[in-house]
Amino acid sequence: MNKKIEKSLNEQISLEFYSSNLYLAMASWAEVNGFSGTAAFLYKHAEEERIHMLKLMHFINERGGQGLSPGSEVPPKSFKSVKALFQEVLDHEVVVTNEINNLVGLCLSEKDFTTHNFLQWYVSEQLEEENLARTILDKLKLIGNDGSGMYHFDRDIQTLTAISASASGTPTAK
Ligand code: FEO
């Protein structure tokens, strides 16, 4: 496959791997701080990012390139609050979207329409992930510092995670 595109797809593998590790670190922080619903949501999100990474790896390999196992940049282990954590999720997803858009642009300039087509799944996925992070942040902004609001938020996000896991057939991590 086109070497420039292979290199960029491998960089995307690294970013998806880091995303998975970042959400795993967030899940663990949420779990030890008593936010079990938020933790379940983030554990599931971490698994999804790993799937995004594997999809890229298989695609590169099927096209005659080689997907590289990414090195691990260690994510932070503590977060200021649940709201700050979700702000970080949104900011991170915006970075991922920009990288996907750069990849799509590269495919067009290199006339690699097969990879361009493959990446459309990621374009749609990013739209959904950014929307979800924005919706969650809006709710958290409304709740502010209200303890009972946070209790309900955590319970609701647990329910949301269980529903989406049963719809997709994946077990919840917790
Ligand atoms: Fe796979 Fe959330 O980027």
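## Charges

The protein chain carries 16 positive and 23 negative side chains, and the centres of the two sets sit 1 Å apart. Here Lys and Arg count as positive and Asp and Glu as negative, with His and the chain ends not counted; each charge is placed at NZ of Lys, CZ of Arg, CG of Asp or CD of Glu.

A word on the ground rules: this is a predicted model, where local features need pLDDT of at least 70, side-chain atom pairs count only at pLDDT 80 or more, and totals for chains, interfaces and linings use all residues. Residues are numbered from 1 along each chain as its sequence is written, and side-chain values use heavy atoms, leaving out hydrogens and water.

## Overall fold

Five in a row: the pattern along the sequence is α-α-α-α-α, with 5 helices and 0 strands in the protein chain (DSSP runs numbered from the N terminus, H or I of at least four residues for helices, E of at least two for strands). The radius of gyration is 17 Å, close to the 16 Å from the globule rule for 174 residues, so the chain is as compact as a globular protein of that length. That radius is taken over C-alpha atoms, and the rule is 2.2 Å times the number of residues to the power 0.38. Along its principal axes, the C-alpha trace spans about 55 × 30 × 25 Å.

Of the 174 residues, 44% count as buried (under 20% relative accessible area; exposed is over 50%, partly exposed in between, with a 1.4 Å probe and protein chains only). As for contacts (heavy atoms within 4.5 Å), take those between residues at least 6 apart in sequence: 78% of them join residues at least 24 apart.

## Salt bridges

There are 7 salt bridges, each a side-chain nitrogen of Lys or Arg within 4 Å of a carboxyl oxygen of Asp or Glu. One of them pairs Lys 4 with Glu 110, closest N and O atoms 3.0 Å apart. This one links distant parts of the chain: Lys 4 is in helix 1 (residues 3-32), while Glu 110 is in the loop between helix 3 (82-109) and helix 4 (113-143), 106 residues away. Glu 110 is partly exposed, at 28% relative accessible area.

Two others stay within a helix. In helix 1, Glu 11 and Lys 7 are 4 residues apart, about one turn, and their side chains meet at 3.1 Å, N to O. Glu 11 is partly exposed at 44%, whereas Lys 7 is exposed at 55%.

Glu 48 and Lys 44 form a bridge at 2.8 Å, N to O. They too are 4 residues apart, about one helical turn, in helix 2 (residues 36-62). Glu 48 is partly exposed at 26% relative accessibility, but Lys 44 is buried at 11%.
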